[in-house]
Every structure is written in C-alpha cells, then in structure tokens.
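Visitor: I would like to learn how to read a few features of a model, one at a time.
Guide: Then let us look at it together.

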Amino acid sequence: SKQRLLIKGGKVVNDDQSVEADVYVEDGIVQQVGPNLNPEPPTGLIVLDATDKLVIPGGIDTHTHMQFPFMGSKSKDDFHTGTKAAVAGGTTMIIDFAVPQKGSSLIEAFDLWKSWADPKVCCDYSLHVAVTWWSNKVKEEMKSLVENKGVNSFKMFMAYKDVYMLNDEELYEAFSYCRELGAVAQVHAENGDLIAQNSKKLLSMGITGPEGHILSRPEEVEAEATQRAITIANAVNCPLFVVHVMSKSAARVLASARREGKVVYGETIAACLGTDGTNYWNKDWAHAAAHVMGPPLRPDPSTPDFLMNLLANADLSVTATDNCTFDICQKALGKDDFTKIPNGVNGVEDRMSVVWEKGVHSGKMDENKFVAVTSTNAAKIFNLYPKKGRIAVGSDADIVIWDPKATRTISAKTHHQANDFNIFEGMVCHGVCVATVSRGKVVYEGGVVKVTAGEGKYVSRPPFSPYVYKRVRQREKVCQPVPVKRAPYTGLVSITPVAPK
Ligand code: URP
Ligand code: ZN
Ligand code: ZN
Ligand code: ZN
C-alpha cells in the first residue's frame with residue numbers, strides 16, 4: 001500500500017523563496033507542491049495541518065558522533081537515541097564520522113560504524129571517514145570508499161597528537177588525494193603540538209580543572225591551524241571544509257580566504273551559537289566539565305553573535321552540532337586532569353531552535369537563510385541536493401512543520417537525548433518543531449516521537465557536485481604555473497675557479 005501524506009495550508013520555505021502551498025507526498029517522495037491540492041482518493045490520506053506554520057526542508061546535521069569510542073569512553077547518545085532526538089528537534093539527516101585508529105583500515109572502520117548505525121537509525125544518515133594516518137593502503141581505501149561506499153568526504157585532524165593528528169606533509173598528501181578523488185577535504189583545525197605543550201605546562205603549574213582546557217587552546221591555536229590548512233589545501237587546489245569553526249579569529253581567517261576566491265567552507269556549531277566559554281570557570285566542576293569540547297567554546301561573549309553574522313552573510317556556510325555526549329561519570333575521568341575529560345557536548349535536538357532564536361528571532365537572518373544554513377547548504381556541499389535540502393517535486397519527503405511563534409524552554413529534564421546534561425539548559429527559544437516527516441513518514445508530532453529503530457537509510461554521496469568542480473577548475477587555470485622560456489645564462493663564463501691551497 002502506498003503511503004500518502006498531505007501537508008496543508010502552510011508556507012513552503014526553501015533557501016531561495018517562500019510560497020503559500022500544500023505539499024503532497026507519496027512513497028517518501030514529494031509529488032506536488034502548489035495551492036489547494038486535493039489528491040484522490042481522499043481515503044487513506046494522512047493530512048497534517050500547517051496553517052500559520054512554515055513547511056521547511058528537514059535539518060541536516062553534518063557533524064555528529066553517536067556511540068563514539070573516544071578518550072577512554074563511548075559517547076552516550078547512540079544511533080537510536082541520537083536520531084530520535086534529532087527528529088524531535090526537526091533534523092532529518094545526520095552525517096556521522098567513522099574514525100579508524102592510526103594504522104588500521106578505513107574500510108573496516110566504515111563497515112563497523114555502518115553496522116552500529118543500520119539497526120538503530122530513525123532517520124537517514126551518512127558517514128564521513130577520518131584519515132588518521134597516511135600510506136599507500138590508506139589511498140587505496142579512500143578510493144574504494146568513494147567508488148564503492150558512497151563516501152565523498154574525509155576528515156583530517158590537526159589536533160589529538162599521537163592519536164589522530166596528521167603532520168603538514170601528510171595533510172598535503174591527503175588534501176591532494178581528496179582533490180584527485182573529487183572528495184571534500186574536511187579539517188579539524190587546531191595546532192595539536194601547541195595544545196600538548198600548553199597542557200603539560202598548565203598541569204605542572206597545578207591547573208588541573210576544566211579552565212585548563214580553554215587555557216591550553218586559545219583562539220590563535222585554532223586560527224593558526226585554520227590558516228595553515230587553507231594554505232596547504234590551496235597549494236594543491238583542493239576545496240576545503242573546515243569543521244567546527246568555534247572562534248572569531250578562525251572565522252576571520254576563513255572569511256578572508258573566501259574573499260580571495262579560495263574554495264573554502266566553514267561549519268559552525270550550535271553550542272557556540274547558544275552558549276560560551278565563560279562556563280569553564282564555573283565553580284561547579286561538573287558544570288564546567290560538561291562544556292568541554294574541542295575546539296573549546298570561547299570566553300569572548302561576543303562570539304555567538306559574530307559567528308551568526310557570518311552565517312547570515314555566507315562567510316560561514318553550515319550549522320552542525322558535533323553532538324558527542326558524555327555524562328557526568330564519563331566526564332569525571334578527567335577530574336584530576338583536564339586533558340582526560342572526554343571532549344564533547346549535545347546539540348542534535350536543539351540546533352534548529354537555537355539557530356532560529358539567535359539567527360531569525362534576533363533579526364540577523366530571514367527564514368530562507370535559516371533553511372540555507374540548517375539544510376540546503378549542507379546538501380549542496382556534500383552532494384545530496386536536491387534529493388535533500390529542498391522541498392520540490394522529486395525530492396525526498398524530509399519535511400518539518402515549524403512554528404515560528406511558539407516558544408520552548410530547553411532542559412535536560414525534557415530532552416530526548418540520552419545524556420543527563422544540556423548545555424542550553426533554561427534557554428527559551430522561539431521557533432519550535434511541531435511535526436517531522438522522514439521519507440514521507442510522520443516521525444514526530446505533538447510532542448510525541450513515533451520512530452522505528454532501523455527505519456532510517458544510509459545515503460550514498462557521489463563525489464564533488466558539478467558546481468564545486470567547476471570552481472576548482474576555474475581556479476586551476478589561474479594558478480597553473482608556466483615555465484619562462486629564456487636563453488641559457490652565459491654571464492659566468494669569465495670566472496675561473498681557484499683551486500684550494
Ligand atoms: O569535542 C569534540 N569535538 N569531540 C568530538 C571529536 C572532534 O574533534 O570532533
Ligand atoms: Zn573535530
Ligand atoms: Zn566532531
Ligand atoms: Zn527570544
């Protein structure tokens with residue numbers, strides 16, 4: 001039996017326009033968008049009323065770590081609770097990371113993460129793969145992941161020394177090979193050597209608490225690595241996607257590279273739009289530790305507004321969450337040493353509301369830009385568009401009914417995540433998800449999540465979108481060096497070498 005759904009009376013908002021229209025869905029695909037639709041037969045049709053509401057493409061969270069084995073722990077939210085929370089907040093697709101240990105197989109890591117996700121996911125998902133070491137075997141595996149597994153993005157770490165970090169030569173090779181494969185090179189931009197040195201020094205001074213985390217990695221540690229990554233990517237003409245841009249300094253570096261025409265994208269994180277790094281000095285150790293993530297939240301209180309302005313004018317492209325939750329017991333692994341506090345915070349459920357509140361309700365961006373930075377831009381960059389990131393005939397029916405006027409108070413007491421803490425606790429957000437449709441099925445409505453574990457699908461992503469590829473080619477023409485033709489130099493013939501005595 002065909003599943004049929006009609007979303008009536010709302011305003012359909014895409015990244016480029018808004019129209020008053022109904023949306024008709026069959027078998028998970030949008031069939032019609034237009035005024036006063038009356039699909040036949042009326043029997044067996046599920047109708048959602050969207051009067052006075054916005055009908056938007058489901059959110060895409062380009063950065064999560066569900067059940068991630070990391071820093072001696074495993075993140076609390078697994079692919080089930082994590083995607084359940086996602087759909088409750090209006091996100092219908094996540095892109096998680098398969099992260100192999102140094103020296104181990106990328107394909108095995110991908111298969112392992114997929115085997116964790118497939119039986120549990122409640123919405124569609126995809127996987128980036130991390131390149132944590134470098135060899136010919138890694139190259140072969142990257143090629144195979146692109147050709148056979150639908151992976152078009154690889155994350156390289158400049159931090160987590162001895163665990164995931166690549167040096168500059170390895171980054172050069174990895175970026176260069178991404179460019180050859182037509183894959184997006186993602187980078188975690190922080191100077192891992194500096195972090196290690198700073199941490200040693202702070203610990204020796206008796207600074208063991210969460211404030212040590214931020215003191216060990218100030219803004220310039222992020223800005224320097226961001227600049228270095230851009231320089232290296234530019235040397236090999238590779239498009240670069242900087243994950244979790246967390247500071248004004250790093251964002252400025254990225255924005256100025258874009259001014260120069262470099263193909264660089266920035267992703268910022270709900271946590272640093274909704275809260276800030278002053279929490280690291282909180283007298284309550286657990287509260288402070290709960291905010292520990294890398295790069296850290298910034299104590300400069302003007303950071304959230306600054307980053308939101310950059311999203312509004314397209315200097316930053318994407319909002320994600322880096323959702324990687326650890327409860328108080330797990331965070332306590334670092335009670336005597338801040339370098340052992342598992343890095344990570346929540347966000348997958350609250351991102352959409354936080355971006356609406358800080359972006360749209362505050363007057364910095366309109367509803368179309370909101371859709372761009374929460375869904376469409378991600379779909380374009382990771383080559384999922386217009387299957388994802390748009391409400392149009394032929395697109396996947398990943399749709400959210402959004403109430404721009406309602407408010408919601410974020411709290412760990414009411415959230416759907418598995419964790420015992422919410423970094424946005426007490427924040428009142430205008431902009432509330434009232435219903436979520438995943439591939440044509442209503443998975444959230446009226447405060448109730450109606451998901452089935454394993455119902456989400458793995459989404460393959462082919463290499464570079466034609467748009468990105470064209471821009472890289474254009475730049476290549478500009479950058480291609482040509483040797484100068486000149487006659488052999490003869491100026492030195494009169495000099496006679498003198499033999500040493
Ligand atoms: O604190 C973070 N970001 N944890 C997850 C690992 C990473 O670097 O993305
Ligand atoms: Zn990272
Ligand atoms: Zn991450
Ligand atoms: Zn408000």
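Visitor: How far apart do the end C-alpha atoms of residues 54-443 lie, and what percentage of the span is helix and what percentage strand?
Guide: This is a predicted model. The end C-alpha atoms of that span are 17 Å apart, with 38% of the span in helix and 21% in strand. An unreviewed UniProt entry gives residues 54-443 as "domain: Amidohydrolase-related".

Visitor: Is strand S8 buried or exposed?
Guide: In a regular strand the side chains alternate between the two faces of the sheet. Strand S8 (residues 59-64) has six of its six residues buried, so the rest of the structure largely encloses it.

Visitor: In which sense do S8 and strand S11 pair?
Guide: S8 and S11 (residues 91-98) pair in the parallel sense, over four bridges. Within S11, Ile94 is the bridge partner of Asp61.

Visitor: What span should helix H14 have?
Guide: An α-helix has 3.6 residues a turn, so residues three or four places apart point the same way. At 1.5 Å a residue, the 15 residues of H14 (residues 367-381) should span 21 Å, and the 20 Å between its end C-alpha atoms agrees. Of its 15 residues, 14 are buried, so H14 is largely enclosed by the rest of the structure. Asn383, which follows H14, has a positive phi near 60°.

Visitor: Why does Leu297 count as buried?
Guide: Leu297 counts as buried because it has 26 C-beta neighbours inside 10 Å, the cut-off being 20 or more. Leu297 sits in the loop between helix H10 (285-290) and helix H11 (303-312). Beyond four places in sequence, its contacts include Met246, Cys272 and His291.

Methods: Residues numbered from 1 in each chain as written. Chains lettered and ligands numbered in written order. Predicted model: local features only at pLDDT ≥ 70, side-chain atom pairs only at ≥ 80, totals over all residues. Buried ≥ 20, exposed ≤ 12 C-beta atoms within 10 Å, placed from the backbone. Helix = DSSP H or I, 4+ residues; strand = E, 2+ residues; numbered from the N terminus. Pairing = 2+ DSSP bridges. UniProt positions renumbered as here; feature names shortened; annotations may be inferred. Expected span 1.5 Å × (residues − 1). Contact = placed C-beta atoms within 7 Å.
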